[in-house]
Amino acid sequence: MNCFDAVSSWWRSQGTWRMVYLLFLGQLVSFVMALMSFSSSLIADLGVDAPLTQMFFAYLALALVFGSILIYRRRRLLVSWYWYLLLGMIDVQGNYLVNEAYQYSSITSVTLLDCWTIAWVLVLTWVFIGTRYSLLQLFGAALCVLGLGLVLLSDAGVAGGGGSKPLLGDILVIAGTVFYALSNVGEEFCVKKKDLVEVVSMIGLYGTLVSVVEISIFERESIESITWSTELVLAFVGYTLSTFAFYSVAPTVLKMSGAAMFNLSLLTSDMWAVVVRIFIYQQQVDWLYYLAFAIVVVGLVIYSNNEKGPEVVHATEDGNVAHYQVLSNGSAVSPEESSPS
């Protein structure tokens, strides 16, 4: 057993610390997503309707940074390019639909309807990846949704509802959650089975290419009509940096836990948005916010603490039954392979 295997084995045995680390990463991603929401909302408030252009700069940054690492490694792709192209197309459509929804609906409505991603993810991971959820995990997920509902109830008193075409915005968000779920599940499968850097760099590359094609078709007039200002440039920069951070950290959460836990963690992004409003906009929130935060944290702890550990599966090879231990990353090793050499 080499040093890496020894460290991995020790880390898997440290269940409590692993859970704390996972919760921390989940909340880091959630906070970054709150910054993405504020940046996107600010761009819409400034009169710019160019969701594909927003994502183009973020995808380009991912392709340049992670692509450079991938080229330096000089390795062949572990997944065929056309699968990454499909994943990139799905990811672009999800981001386009949700960002476009800010043009017609309020932040509160977008955040509320974005919860549909969780339902799609639970179904997709159950059907395509074979993930099975215990009753306690489903209970933890329900607590998280309940906590978010309290946050939105509190948030409605601060941000209000409304929007120019709320029904259209709601439809765009719901459609976007389907693409988000497909993207999350596809990314979870890739990062658990293959290389994390490769997955992120390929999403950046094909996301950039798909964005360029769709921008040339749908957003040329919108870009030409933009009146650039310092505030707008800063909003684009903020969105690009926060999105880059989101895509850099999110695969780690997907690899360690899965798309369901990932999306449950993102439920607190609305809470972090309220925190930003308190300190930046000097706005107040009522007691429901603090109660909701506590409920969501409890739900996340229940869900993550009841994730299934390693289990033994059986496979028939040449008429003999071979025993394998399924590890947390989805791979399987036989007892002979896992024994010290």
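This report looks at aromatic ring pairs and a nonpolar surface patch in a predicted model.

## Aromatic pairs

A pair of aromatic rings is described by the distance of the centres and the angle of the planes. Counted this way, the model holds eight aromatic pairs. One of them joins Phe 57 and Phe 236 edge-to-face, with 6.3 Å centre to centre and 85° between the planes. Phe 57 sits in helix H3 (residues 51-73) and Phe 236 in helix H11 (residues 230-256), so this contact ties together parts that are 179 residues apart in sequence.

## A cluster of rings

Phe 236 also pairs with Trp 228; here the rings are tilted, 5.3 Å centre to centre and with 55° between the planes. Trp 228 is partly exposed, and its relative accessible area is 46%.

## A nonpolar patch on the surface

Now for the surface. Which residues form a nonpolar patch there? They are Leu 77, Trp 81, Tyr 82, Trp 83 and Leu 86, and together they have about 550 Å² of accessible area.

Leu 77 belongs to the loop between H3 and helix H4 (81-101). With 38% relative accessibility, Leu 77 counts as partly exposed, and that value passes the cut-off for patch residues, which is over 30% relative accessible area.

Notes
Residues numbered from 1 in each chain as written. Predicted model: local features only at pLDDT ≥ 70, side-chain atom pairs only at ≥ 80, totals over all residues. Heavy atoms only, no water. Phe/Tyr/Trp six-rings, centres within 6.5 Å; stacked < 30°, edge-to-face > 60°. Helix = DSSP H or I, 4+ residues; strand = E, 2+ residues; numbered from the N terminus. Buried < 20%, exposed > 50% of the residue type's maximum accessible area, 1.4 Å probe, protein only. Patch = residues over 30% accessible without salt bridge, like charges linked within 9 Å, V, L, I, M, F, W, Y side chains within 5 Å. Areas by Shrake-Rupley, 256 points an atom, 1.4 Å probe, with all protein chains shown as cover. Salt bridge = Lys/Arg side-chain N within 4 Å of Asp/Glu carboxyl O.
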